[in-house]
Amino acid sequence: MDRVRFGRALGYGARQAMKTLVTAVDAATTENPAGRHQSAGQAAGSRSAPAAGQVLPPVGRIETPERKPAAAKVAPAARVTASEAAARVRETQKGVRHGGRRFGQAVWRPFVRLSGVLWLEVTGVFFGIFALFALAGVWRLREAWHATAGNEAEHRNLLGAVAMLAVFGYFCVSSFVRAKRRERGR
């Protein structure tokens, strides 16, 4: 895989993961909407039924006059109901999953491909080493076979070395061919 395509894939995945992370951090740092406000109709001791879409403070929490200014600072447009907050959390979780998947595709897929290519090349080298030993054996046995033309044991050894050379030579070449194909992405 060329460096430019790898860099683009890695950069895209990293950007998507960062956007998802920023969204998740924003969602996690927002204030809890349940504890922010209390309607004006509710006094310290009296509780009435909540209006539609209104969020009640937790039971046992009493609004005191010194807490009122902090709650009043929150703009009405910034108040979030529980269902809206749950929808945002679901959307954030979905974004985190999608970003994680994209990051995995951008990082792990090229890594797996390149490690597979490297594995094929290393095995090709080992098969090549065995093929070279078989070639040296064929060369040595060829000279011994010419010297003793009627020796059948030398003939069998030569045929075994030739077979070993053919098998390991084939594995060596095919391993490098497969590595080249995998590198191109076929």
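User: Which element gives the largest share of the nonpolar patch?

Analyst: That's H3, with seven residues. A quick note first: this is a predicted model, where local features need pLDDT of at least 70, side-chain atom pairs count only at pLDDT 80 or more, and totals for chains, interfaces and linings use all residues. Residues are numbered from 1 along each chain as its sequence is written, and side-chain values use heavy atoms, leaving out hydrogens and water.

User: Why is Met164 called partly exposed?

Analyst: Buried means under 20% relative accessible area, exposed means over 50%, and partly exposed is in between (1.4 Å probe, protein chains only). Met164 has 34%, so partly exposed is the label. Met164 sits in helix H4.

User: How many of the chain's residues count as buried?

Analyst: Of the 186 residues, 20% do.

User: What makes H3 a helix, and how does its reach compare with the expected one?

Analyst: Helices are DSSP runs of H or I with at least four residues, numbered from the N terminus. H3 covers residues 82–147, which is 66 residues. The expected span is 1.5 Å times one less than the number of residues.

User: Where is the kink in H3 centred?

Analyst: On Gln105, at about 25 degrees. The bend at a residue is the angle between axes fitted to the seven residues ending there and the seven starting there.

User: What does the secondary structure of the chain come to?

Analyst: Four helices and zero strands, running α-α-α-α from the N terminus on.

Note on methods:
Helices (H or I, at least four residues) and strands (E, at least two) are DSSP runs, numbered from the N terminus.
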